[in-house]
Amino acid sequence: MKQNIKSHELRNLYKISTFFLIIILLLGLNRYYSFFASYDMGIFNQIFWNNLHGNFYHSSLASAISTHVTSGESLPLVNDSYLGHHFSPNLLLFLPLYFLFPSPATLVIIQCLLITGAGVVLYFLARQHIEDHIISLLIVVSFYSAIAVFVPTLSNFDNISQLPILVFSLLLCLEKNQWGLVALFSLLLLGVRQEAGLNLFGIGIYLIISRRHWIQGLIMAIFSFIYMILITNVVMPQFTEDVGERFMVDKFGQYLQGNNPSTLGVIWGMLTQPLLVLKELISPVGDTLEYLLGQWLSLGLIPALSPASWIITFFPLLTPLLGQGKSILSLNIRYAMMITPGLFYGTILWWRGQSFGNFYQDLKALKPRKLGARFKKFWLSCIVISLLLGFTSSATELSRAFYFIMPDSFQPLVYVSLPRQWQHSASIYQLLKQIPKDASASATNNIIPHLSGREAIIRLPMIGFFDTNHQPQTVDYIIADLWELERYSVVFTKEKGWLEAIQGLIKEVTEKEEYKIVAQKDKVILLKKTSQ
């Protein structure tokens, strides 16, 4: 049911999208340039920098958080491959733009453009089913207002930011029966990272159950499943063992039986322990409900009543619902964005009232469009609440995009104004100028992205690494922002631990005359190896 879109309707869409883009660009770039970007931004920038210099997907920063390094068995490797951590060939697509503007700020812009573009494609997807221009615009506003969308967008760059625009583009081409483009976007979706196959698998299962295109759905489901199994069990282990020893054990170790830390081992463990799976699926009950309500909130809770939303998102939802870890059910992290595309497509189908077996007929009385103006008010209220909740969570340590508005803590008060932060940032930039571009370095978390365009960069208090010849080395320069760590150490135990460890390291290496202090300003300290 293709709708004729009028020019004034497109103008409204572009005004909303442009406004969103300007806001997130300003916040994202301010976050980066005022030293609130952190470790993951450094990882991706180093990958892009290495790709640009022919060392494809090498990253000492990714190596530093691998199992062998965190366990103390090894030092970080400058030529460790990120493809063993996450299989993300799509990053090469953005390399020409990075070639023109080689900076972490480019990654901020790319991420903002991807999410903004996803909202535009979502509108055209909605108009394939919904005649009401206002409803379609509200769906776009809901997307931009979703906690699982705009909060990760205001955090570090991540490859998952490609996923919404690719899923929406795939579904739009599917609605138009453009199967060549459907195949193309399916392949691009799989190239985001290995678990993005769950999204394609969910779409395939929906096409099978709804009987819309069950043959194509079967092909999607089979192909995506085989792809995920081959990539995680055959391809990625060629680069590193982390996909099993780190990700499978850390996230799904409760299902593993014996010494088989792999996706196949996890799947077998789930199949043979159904009671454990059921328990993990619903517990903790409060956190699970909070997570689901947060995902549905900006859409006025419609996805909870949409069978299509449940089917398409069921398999991506298994990752947070069946996984373990304190942040697995957080809406603020990038993984939550994997759930959103299916929720929005299911909402679009709900508004149209498309036949889906007897589900829509049975729930006809609950259709929100029957509620008219009253429901739209409720929906707008949900959007506002979603923005407020996202704002408060964005101000915390995961993003701190609103650090100049929202304190990290009220008691004790932990807050920094915009002028004070930029004054402090100027001090850091002055010291960074003294570090040669080809020198190895170790830095505190907030400085890492700005130094990540080099072969060897690691995080303090670590200063040792293996070079390309697998010879142990210590970094040429150490730079530590003690002012930032002191401010947050009164509230956050992580920063307190880093502060104590880094202060102890500086004292040790200067007393042994391994490094000397060459500059310090505003409690930012720069050390240089004495053997140079």
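A residue counts as partly exposed when its relative accessible area falls between the 20% under which it would be buried and the 50% over which it would be exposed. Phenylalanine 314, in this predicted model, sits in that middle band, with a relative accessible area of 38%.

The aromatic side of the structure is worth a look, with 24 aromatic pairs in total. One of them brings together phenylalanine 44 and tyrosine 82, edge-to-face, with 5.6 Å from centre to centre and 65 degrees between the planes. This pair ties together distant parts of the chain, 38 residues apart: phenylalanine 44 belongs to helix H2, while tyrosine 82 is in the loop between helix H4 (67-70) and helix H5 (95-100). Both partners are tucked away from the surface, since phenylalanine 44 has a relative accessibility of 2% and so counts as buried, and tyrosine 82, at 4%, counts as buried as well. Phenylalanine 314 and phenylalanine 315 make another pair; their ring centres are 5.1 Å apart and the planes stand at 90 degrees, so this one is also edge-to-face. Elsewhere, ring pairs connect Phe20, Phe143, Tyr144, Phe168 and Phe344 into a cluster.

Serine 60 is next. This residue lies in helix H3, which covers residues 60-64, and its relative accessibility of 1% means that it counts as buried. Leaving aside residues up to four places away in sequence, serine 60 touches Gln46, Pro76, Leu77 and Val78, together with Glu455, Ala456, Ile457 and Ile458. With Gln46 there is also a polar contact of 3.0 Å between the two side chains. As for Val78, its C-alpha atom is 4.3 Å from that of serine 60, although the two residues are 18 apart along the chain.

Then there is the second largest pocket, which holds about 540 Å³ of space. Helix H1 (7-33), helix H2 (39-52), helix H21 (418-432) and helix H22 (448-451) are the elements that each give two or more residues to the lining. The lining comprises 21 residues, and those nearest the centre of the pocket are Lys437, His450, Leu451, Gly453 and Arg454. By type, the lining residues split into 12 nonpolar, 6 polar and 3 charged.

Technical notes: Residues numbered from 1 in each chain as written. Predicted model: local features only at pLDDT ≥ 70, side-chain atom pairs only at ≥ 80, totals over all residues. Heavy atoms only, no water. Helix = DSSP H or I, 4+ residues; strand = E, 2+ residues; numbered from the N terminus. Buried < 20%, exposed > 50% of the residue type's maximum accessible area, 1.4 Å probe, protein only. Contact = heavy atoms within 4.5 Å. Polar contact = N/O pair within 3.5 Å; in protein donor to acceptor, adjacent residues only side chain to side chain. 1 Å grid on protein atoms, 1.4 Å probe; cavity = no way out; pocket = protein on both sides within 12 Å on 5 of 7 lines; lining within 4 Å. Points joined across faces, edges and corners; volume = space filled by probe spheres on them. Nonpolar A, V, L, I, M, F, W, Y, C, P; charged D, E, K, R; others polar. Phe/Tyr/Trp six-rings, centres within 6.5 Å; stacked < 30°, edge-to-face > 60°.
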